[in-house]
Amino acid sequence: MRRALRWAGFYAFIAFTWVPIFFVFYWMVATSVKTFLQNASIPPLLFPWWGFEPTAENWTAMFAETEFWGTAWNSLVVAAGCTALALGLGIPCAYGVARWRYRGLAASLLLLRIAPGVVFLVPWFILFTKLGWVDSYRALILTHAIVSLPLVTWLLVGFFEDLPRDLDDAARVDGCSVYDHFWRIALPLVKPGLITAAILSFIASWNNFLFSLILAQSRTRTLPVILLNYMSFEATQWGKLAAASTVVTLPVLLLTLLVQRHIISGLTTGAVKG
Amino acid sequence: MGRVGVTAPPRAVTAPAVGEGAGRRLLDRLDPHAWWLFPLPVVVFCAFIALFPVGYTLYLSVHHWISTDVVRFVGFRNYWQDVFTSPAFYRAAGLTAYFSVVALGIQMVLGVAIAVVINRGFPGKGLVRTIYLFPMMATPVAVAMIWMMMYNPTSGVLNYLLEAVGLPPQLWLSDRRSVIPALILLDTWQWTPLVVLITLAGLAALPLEPFESALIDGATPAQVFRYVTLPLLRPTLVVAALFRSIDLLKTFDIIYATTGGGPGTASQTLNLFIYQTSFRDNLFGQGAAMVTIFVALVLGVALIFGRFRRAAGDLA
């Protein structure tokens, strides 16, 4: 009996820590299915069918906008491009760091993780203006990759280092070149790491706000930036804003479910395993 | 170990293991160069996209920028006038410190407490960890928007809940005094789970013997935590504090989206201040001087923790 009570208390504690987490996401969805007036109601309407009838009007209004679809497409292209670039650069680099122990290179990538984004922003803006790249996918992909690159590289260095050294020795005795070892032996073995790196890189770019705010204009604006635009009208359309917030957040949460195991090492650039 | 020694492959004594033809021969020729070819793309990329901006920022910081083609050298005037003797800079630095230090303290204490309580094997542990990932992975701007609605002083749900339990309603983001605490609460919601998960990973890696001997010696749970868990956990906690403090100092998205630095300048942290100096006021030179000092501060904090971590690692 005492044991059962203790376990009940334990699960109650966990549920207690979950309440704020779920409430914010719940409020996001709940706001999106309320009308303008319902969202301004005092006191706030807490539960659907218990004070208000859920409506789809915010969602249909949002989906009817070509601007929304264009923006979502921009987000997708930039995040995919950034991921391809970060993986293309980061995988060989991570292999090199793990194999030849380039401490300096690894440390410089850590510096990239630490450096505030604003330090790059003005030079990029001036450079990309000169090149005519402002408001292009190119500028966004290149700059978003700077956030993904340290994350991808550090995560994969951990995976490559965990490969047994014997494999490498055996491969060389068999006349296997470095490239063969990299391409045919190491890469297939770190596949879980590659998937995690790809998804974390995608999320980092998808969520990126600061760089897109400056370097994207009307043609390449991404979802986080447009959220702010929904607000700038005289009377903020909270319902539509919440619907858009849900659309931005949902893919990220689904992707999180896929790679939950290694996210922490990604976020701490490999300083913590688990 | 020597780089060349490791890379020089024993030339295929037998037939090449895999592949044939010209492509194969090219790969064999490139093999001794693999050690620099592998990291080369990243080095080139970083030189173009990261090193150049840093150099250009330093250049801008000693110039008065009028337009891309009109730049006047002013020496250290930007540093002197807009950083070292500027009350606005000190105010922004103070706000940044206030926000970061308080948030770090709350998140560390809360995060470690939750981790220590839930650190045991139980059905559904994986699910708990997954749920904790959601706040920190969710798009910060989207989350900030929802908090902004909840913080609304008249129709917001938080004041409603406060009144429901008999507490006075707050002005949250709309008042100079409560805006930073409100932002701290938002950030704490989003990032405490990271501290929980890092601590859980650290706890899982601890040896069992010290705990067993402490129990045999009749230590109370509080004593075990204070004299066994905490010292053993120190390296992990330093890592958590390191990443949290760096990201707290750099916080931008949630502040820009909810308050834009307001009301007035009450939430204008260094990052916001620098951004607005550069892109609202178009003072690129002054902004560059500020950002240089800002980066130096962030690096300083990272170095302190790095040193601390080494010391903690030696102890453990």
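Predicted model: local features only at pLDDT ≥ 70, side-chain atom pairs only at ≥ 80, totals over all residues.
Trainee: What makes chain B more spread out than a compact globule?
Mentor: Chain B has 15 helices and 2 strands. Its radius of gyration is 26 Å, while the globule rule gives 20 Å for 316 residues; 26 Å is well over that, so chain B counts as more spread out. Its C-alpha atoms fill a box of roughly 85 × 75 × 35 Å along the principal axes.

Trainee: How do you know that the span of helix α13 of chain A agrees with its number of residues?
Mentor: Take its 22 residues, 238-259: at 1.5 Å a residue they should span 32 Å, and the end C-alpha atoms are 32 Å apart, so the two agree. There's still a kink of about 25° at Thr249(A), shortly before Pro251(A).

Trainee: Which residues make up the contact of chains A and B?
Mentor: It takes 84 residues from chain B and 76 from chain A. On the chain B side, helix α4 (residues 40-61) gives the largest share, 12 residues.

Trainee: What classes does that side of chain B have?
Mentor: Count them up: 66 nonpolar, 12 polar and 6 charged residues.

Technical notes: Residues numbered from 1 in each chain as written. Chains lettered and ligands numbered in written order. Contact = placed C-beta atoms within 7 Å. Helix = DSSP H or I, 4+ residues; strand = E, 2+ residues; numbered from the N terminus. Nonpolar A, V, L, I, M, F, W, Y, C, P; charged D, E, K, R; others polar. Rg over C-alpha atoms; globule rule 2.2 N^0.38 Å. Expected span 1.5 Å × (residues − 1). Bend = angle between axes of the 7 residues up to and from the residue.
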